[in-house]
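Dear colleague,

Please find below the structure that I am handing over to you.

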Amino acid sequence: MESDILVVEDEPAIRDMVCMALRQAGHPCRAAADVSQARSALADQRPQLMLLDWMLPGTSGLQFARELRRMEATRDLPIIMLTARDQEDDRIAGLDAGADDYLGKPFSTRELLARIDAVMRRARGYRRDERLQTGRLVMDLARHSCSVDGREINLAPTEFRLLRFFMTHPDRVFSRSQLLDNAWGNSVYVEERTVDVHVRRLRKQLEPFECDGYIQTVRGAGYRFSPEDAHG
Ligand code: CA
């Protein structure tokens, strides 16, 4: 049963503050002070989402996130990294490790709850919603089809998965290796430049519909999917 939020944080004051805020907002939660406690909590019951501190004694949150993404059972577990570091490099490393989002310390309760809601909405959407829409692009997951203004686009399976990932994670920069993990799955070995090839193909297919600008190259970082910048 996926019902609660697992808070993995070694600082008692922050852990207590976060748990209290979550409970007040109606989210049941469990707490773990390190990765080994988090592992047993996960084994007991899969949470709905995990808040994972970056700096933990022993195994770091970053290493743990990577580990969770490699395992079938936790591959799609929503993870928000809590970090005192707010450098762009660290954010990318966090997202690279498979975190869905990150929150820089100190953060407000309101910010925390807003991020949790957003990540949960995306996670639910990915599993259940049969229809995704971003701008003029529509994906019907049940029919495995994609269209713009009602006109069908025939996408190859990899482009379909890539677009589905982009549409469920808009407005965020993803590195090539993170796109590989998410859209290809890590059971296959693929070179990072393969991502560029598929992004190019996907853009080409979106071009006649003037939706190719939805996929933006972010120099030195990777790609972002955002309908807002499309014509900006
Ligand atoms: Ca810490």
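**Findings**

E210 is located in the loop between α8 and β11, where helices (H or I, at least four residues) and strands (E, at least two) are DSSP runs numbered from the N terminus. The phi of E210 is near 55°, a positive value in a residue other than glycine. With a relative accessibility of 55%, E210 counts as exposed; here buried means under 20% relative accessible area, exposed over 50%, and partly exposed in between (1.4 Å probe, protein chains only).

Please note that this is a predicted model, in which local features need pLDDT of at least 70 and side-chain atom pairs count only at pLDDT 80 or more, while totals for chains, interfaces and linings use all residues. Residues are numbered from 1 along each chain as its sequence is written, and side-chain values use heavy atoms, with hydrogens and water left out.

**The chain as a whole**

The chain has 8 helices and 12 strands. Of its 232 residues, 50% count as buried. The accessible surface of the chain is about 11800 Å², and 46% of that surface belongs to carbon and sulfur atoms; such areas come from the Shrake-Rupley method with a 1.4 Å probe, and for residues only the protein chains shown count as cover. Among the contacts with a separation of 6 or more, 58% are between residues 24 or more positions apart, a contact being heavy atoms within 4.5 Å.

**Nonpolar cores**

In soluble globular proteins, nonpolar side chains tend to be buried together. A nonpolar core is taken here as a set of buried Ala, Val, Leu, Ile, Met, Phe, Trp, Tyr and Cys residues joined through side-chain atoms within 4.5 Å. The largest such core has 29 residues, of which L137 and L163 touch the most other members. Two or more residues of this core come from each of β7 (137–140), β8 (145–148), α6 (157–168), α7 (176–184), α8 (193–206) and β12 (222–225). The greatest contribution, 6 residues, is that of α6. Another core, of 22 residues, lies apart from this one and includes L68, L77, I79 and Y102.

When neighbours within four places in sequence are left aside, the contacts of L137 include L163, M167, L206 and F225.

T168 is also placed in helix α6. With a relative accessible area of 5%, T168 is buried. A polar atom of its side chain lies 3.0 Å from the backbone oxygen of F165. The side chains of T168 and H169 are joined by a polar contact of 3.0 Å, that is, a pair of N or O atoms within 3.5 Å; within protein, one must be able to donate a hydrogen and the other to accept it, and residues adjacent in sequence count only if both atoms are side-chain atoms.

**The calcium ion**

Which residues coordinate the calcium ion? They are D10 (OD), D53 (OD) and M55 (O), at 2.1 to 2.3 Å. Donors are N, O and S atoms within 2.8 Å of the metal (3.2 Å for Na, K and Ca); water is not among the atoms, so sites may look incomplete. D10 lies in the loop between β1 (5–8) and α1 (12–24), and M55, 45 residues apart from it, in the loop between β3 (49–53) and α3 (61–70). At 27% relative accessibility, D10 counts as partly exposed.

A33, in the loop between β2 (29–32) and α2 (35–44), has D10 among the residues that it touches, together with E9, R15, L56 and P57, not counting residues up to four places away in sequence. A33 counts as buried, at 18% relative accessibility.

**Strand pairing and backbone angles**

Two strands pair if DSSP finds at least two bridges between them. β12 pairs in the antiparallel sense with β10 (residues 173–174) over 2 bridges, and with β11 (residues 215–218) over 4 bridges, again antiparallel. Y223 in β12 is the bridge partner of F174, and R224 in β12 stands opposite Q216. β11 and β12 form a hairpin with 3 residues between them, and G220 in the turn has a positive phi of about 75°.

Most residues other than glycine have a negative phi, and most peptide bonds are trans. D149, in the loop between β8 and β9 (151–153), has a positive phi of about 50° although it is not a glycine. K105 and P106 are joined by a cis peptide bond, with omega about -5°. P106 is found in the loop between β5 (101–104) and α5 (109–127).

Yours sincerely
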